[in-house]
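Subject: Model for your set-up

Hello,

Here is the structure I said I would pass on. My notes on it follow below.

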Amino acid sequence: MLQQPIAKPPLTLYMAAPRGFCAGVDRAIKIVEMALEKWGAPVYVRHEIVHNKFVVDNLRDKGAVFVEELEECPNDRPVIFSAHGVPKAVPAAAAAREMIYVDATCPLVSKVHIEAQRHADNGLQMIMIGHAGHPETVGTMGQLPDGEVLLVETVDDVASVGVRDPEKLAFVTQTTLSVDDTSDIVAALQRRFPAIVGPHKEDICYATTNRQEAVKAMAPKCDAMLVVGAPNSSNSKRLVEVGARAGCSYSQLVQRATDIDWRALDGIGSIGITAGASAPEVLINEVVDAFRDHYDVTVEMVVTAEENVEFKVPRVLREPV
């Protein structure tokens with residue numbers, strides 16, 4: 001007698017849109033691929049081009065060599081600066097060594113760099129809202145001399161930050177922060193320093209904002225939520241936090257399908273799936289396929305924005321050798 005297959009439990013799988021790659025990440029990966037095509041392997045990359053192991057390993061297989069400092073790069077091979085941006089001293093050092101270098105800094109991060117310099121030229125000391133040690137924060141603070149950019153990470157930090165002149169201040173932010181947390185910190189800065197000057201346009205990038213809004217819309221529908229992304233990805237970790245705050249008590253980060261804790265998901269009827277801005281769609285699909293193996297899945301899209309942003313790659317890559 002043939003055994004009947006065990007019926008899979010039903011599951012509604014909500015897919016956030018937008019999710020995954022943003023224009024800055026897409027551009028940065030293209031820059032490495034085009035550099036390899038133009039100059040051949042190896043091409044050196046200072047820091048992970050974007051924070052995703054799958055992406056980095058794929059580029060490494062094609063001939064990219066990832067290092068943490070410029071000193072690790074030979075003079076006679078091209079070097080690419082990651083999407084997170086670098087302190088001014090790094091391209092200056094590359095130029096002094098007569099290296100070929102390509103800056104893959106996201107244009108929206110470069111906008112913050114330009115903003116910081118403009119405020120400094122106007123005699124204002126900068127306060128940066130960001131995460132200590134994150135490469136984007138290090139790069140932005142490194143646009144100005146030591147002491148000209150003060151870092152605050154929390155509302156509590158605002159009370160203790162020591163400034164040169166409370167009447168001559170401006171602030172910028174890391175582009176991948178929690179929109180809500182940053183709003184609270186900005187409010188605290190404005191209470192303590194009423195004259196502080198903010199950015200003309202919000203520094204938190206469109207992709208970070210859109211992905212967080214999609215999670216907020218999706219979270220109340222879900223018994224659980226998974227964010228596909230890397231543990232060193234700031235915007236991915238913020239999505240986990242936003243999901244938990246928006247009412248989804250089980251909100252977890254996974255790098256890929258093998259990281260899913262199936263026991264923790266036992267008995268759920270719905271799950272939300274999203275991905276950080278440096279997570280490729282192939283990893284998202286892998287997670288969805290894993291749920292199809294375990295459940296009778298019905299997919300529903302949660303669309304909160306349409307994205308059609310595209311950034312050009314630097315001219316040096318479009319020119320013949």
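**Helix, sheet and salt bridges**

Helix α1 lies across β2, β3, β4 and β5 and runs at about 160° to β5. Contact here means heavy atoms within 4.5 Å. Angles run from 0 to 180 degrees between N-to-C directions, with axes fitted as lines to C-alpha atoms, for helices over the stretch in contact. Helices (H or I, at least four residues) and strands (E, at least two) are DSSP runs, numbered from the N terminus.

Please note that this is a predicted model: local features need pLDDT of at least 70, side-chain atom pairs count only at pLDDT 80 or more, and totals for chains, interfaces and linings use all residues. Residues are numbered from 1 along each chain as its sequence is written, and side-chain values use heavy atoms, with hydrogens and water left out.

**The sheet**

The open sheet has 4 strands in the order β3-β2-β4-β5, with parallel pairing. Two strands pair if DSSP finds at least two bridges between them. The edge strands, β3 and β5 (101-103), each pair on one side only. On average, neighbouring strands of this sheet are turned by 25° against each other, direction ignored. Between β2 and β3 there are 4 bridges in the parallel sense; V43 has A64 in β3 as its bridge partner.

**Salt bridges**

The structure holds 15 salt bridges, a salt bridge being a side-chain nitrogen of Lys or Arg within 4 Å of a carboxyl oxygen of Asp or Glu. Three of them are described here. For accessibility, buried means under 20% relative accessible area, exposed over 50%, and partly exposed in between (1.4 Å probe, protein chains only).

- E33 and K62 form a salt bridge through their side chains, at 3.1 Å from N to O. The pair links distant parts of the chain: E33 sits in helix α1 (residues 23-39) and K62 in helix α2 (residues 53-62), 29 residues apart. E33 is partly exposed at 26% relative accessibility, and K62 is partly exposed at 43%.
- R46 and E69 meet through their side chains in a salt bridge of 3.3 Å, N to O. This pair also links distant parts of the chain, with R46 in strand β2 (residues 43-46) and E69 in the loop between β3 (64-67) and β4 (79-81), 23 residues apart. R46 is buried, with a relative accessible area of 13%, whereas E69 is partly exposed at 38%.
- R60 has a salt bridge to D57, with the closest N and O atoms 2.7 Å apart. Both residues lie in helix α2, 3 residues apart, which is about one turn of the helix. R60 is partly exposed at 41%, and D57 is partly exposed at 26%. Salt bridges with shared partners join K53, D57 and R60 into one network.

**N52**

N52 lies in the loop between β2 and α2. At 3% relative accessibility, N52 counts as buried. The side chain of N52 reaches the backbone nitrogen of F54 at 3.1 Å and that of V55 at 3.1 Å. A polar contact is a pair of N or O atoms within 3.5 Å; within protein, one must be able to donate a hydrogen and the other to accept it, and residues adjacent in sequence count only if both atoms are side-chain atoms. Leaving aside neighbours within four places in sequence, N52 is in contact with A230, S278, A279, P280 and L283.

Regards
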